[in-house]
Amino acid sequence: MPRLVVASFNVHGGVDGWGRPFDVVDACRRVEADVLMLQECWRPDSGDSIAQRVADQLGYETIELPFARGRIAAPPEGAGDRWGPRMVSRSLFGLRLDRPRSTSTERRAKARGRFPKAQRGTWTIAVLSKFPIIGSQTIDLGKLPTDLARRGAIVADLEVEAGTAPVRVVCTHLAHLSQGSPRHIAMLRRTLNAMTPVPSVLAGDMNLWGPPLVLLLPGWSRAVRGRTWPTWWRFPVAQPDHILVRGSVRVEAGEVLPITDSDHQPVRASLVID
């Protein structure tokens, strides 16, 4: 029976909360997945994207979907041992999406000449596969009024074993529940249900707990249970990162991985196609 290992990892642009980079390629190597779905990837205006660097160095095919424009601020001198700054100044540092207008903290920092230098780029999601990608498409979920990103999903059909039905993998990164994410979940559900049924895996940072997520996605079941966010606290308190399966997909094992360079821990599942 065909087997594959699928993982999902929110890499926070490859930086911590101060904007200090970490080795995303090594982190993804340690995940050890056949199919890797990444959220909060970063594609600078000049140079290769995180997804492309991981794909090139670890031997994946990749598909990337842009969500929003933003910046990664240069870390300040004397940044402490904490993962990032305290909440009051967090809008100045690390990875930030473009806003319609500056926050009051940003305006004060600019007035004092203390606004940090930043690298401009695009915030994306990506599917990386060591199996051949034999078909793909993207789903445009649109933009919610209070969300800074135009959300979507990548759908990729993989040839896991010659002569068998393809395995469909879907990667997304949803808005928060408070921003109206059930609208996007309903649109995603309708779009996926209209496709030809094949063994399927849906993964990503859903910004939602498991029980309400599967309630909104009938027919899908959770492959991993465990808290993944935030890593800057002593213990993570919530699981926004999920791998869901449906159809003839059996879960052999599911786990949260102790890789904490990002503010999220990756999730990984070993799957069998019956």
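This report covers a helix, the nonpolar cores and the salt bridges of a predicted model.

## Helix H1

Helix H1 spans residues 24-31. Its buried residues are Val24, Val25, Ala27, Cys28 and Val31. Viewed down the axis of H1, they fall within an arc of 160°, so they line one face of the helix. Their cover includes strands S1 (3-10), S2 (35-44) and S13 (267-273), together with helix H2 (50-58).

Asp23 caps the N-terminal end of H1. One of its side-chain oxygens lies 3.3 Å from the backbone nitrogen of Val25. After H1 comes Glu32, with a positive phi near 55°.

## Nonpolar cores

The largest nonpolar core has 60 residues. Leu4, Leu36 and Val54 have the most contacts inside it. Strand S2 gives the most to this core, with six residues. Beyond its neighbours within four places in sequence, Leu4 contacts residues including Phe131, Val160, Val167, Leu271 and Ile273.

## Salt bridges

The structure holds twelve salt bridges. One joins Glu252 to Arg3, at 3.0 Å from N to O. This pair links strand S12 (249-256) to strand S1, across 249 residues. Glu252 is partly exposed, at 43% relative accessible area. Arg3 is also partly exposed, at 45%.

Arg69 pairs with Asp45 at 2.8 Å. Arg69 lies in strand S3 (61-73) and Asp45 in the loop between S2 and H2, so the bridge ties together parts 24 residues apart in sequence.

Technical notes: Residues are numbered from 1 along each chain as its sequence is written. This is a predicted model: local features need pLDDT of at least 70, side-chain atom pairs count only at pLDDT 80 or more; totals for chains, interfaces and linings use all residues. Side-chain values use heavy atoms; hydrogens and water are left out. Buried means under 20% relative accessible area, exposed over 50%, partly exposed in between (1.4 Å probe, protein chains only). Helices (H or I, at least four residues) and strands (E, at least two) are DSSP runs, numbered from the N terminus. The arc is that of the directions from the helix axis to the C-beta atoms. Contact means heavy atoms within 4.5 Å. A polar contact is a pair of N or O atoms within 3.5 Å; within protein, one must be able to donate a hydrogen and the other to accept it, and residues adjacent in sequence count only if both atoms are side-chain atoms. A nonpolar core is a set of buried Ala, Val, Leu, Ile, Met, Phe, Trp, Tyr and Cys residues joined through side-chain atoms within 4.5 Å. A salt bridge is a side-chain nitrogen of Lys or Arg within 4 Å of a carboxyl oxygen of Asp or Glu.
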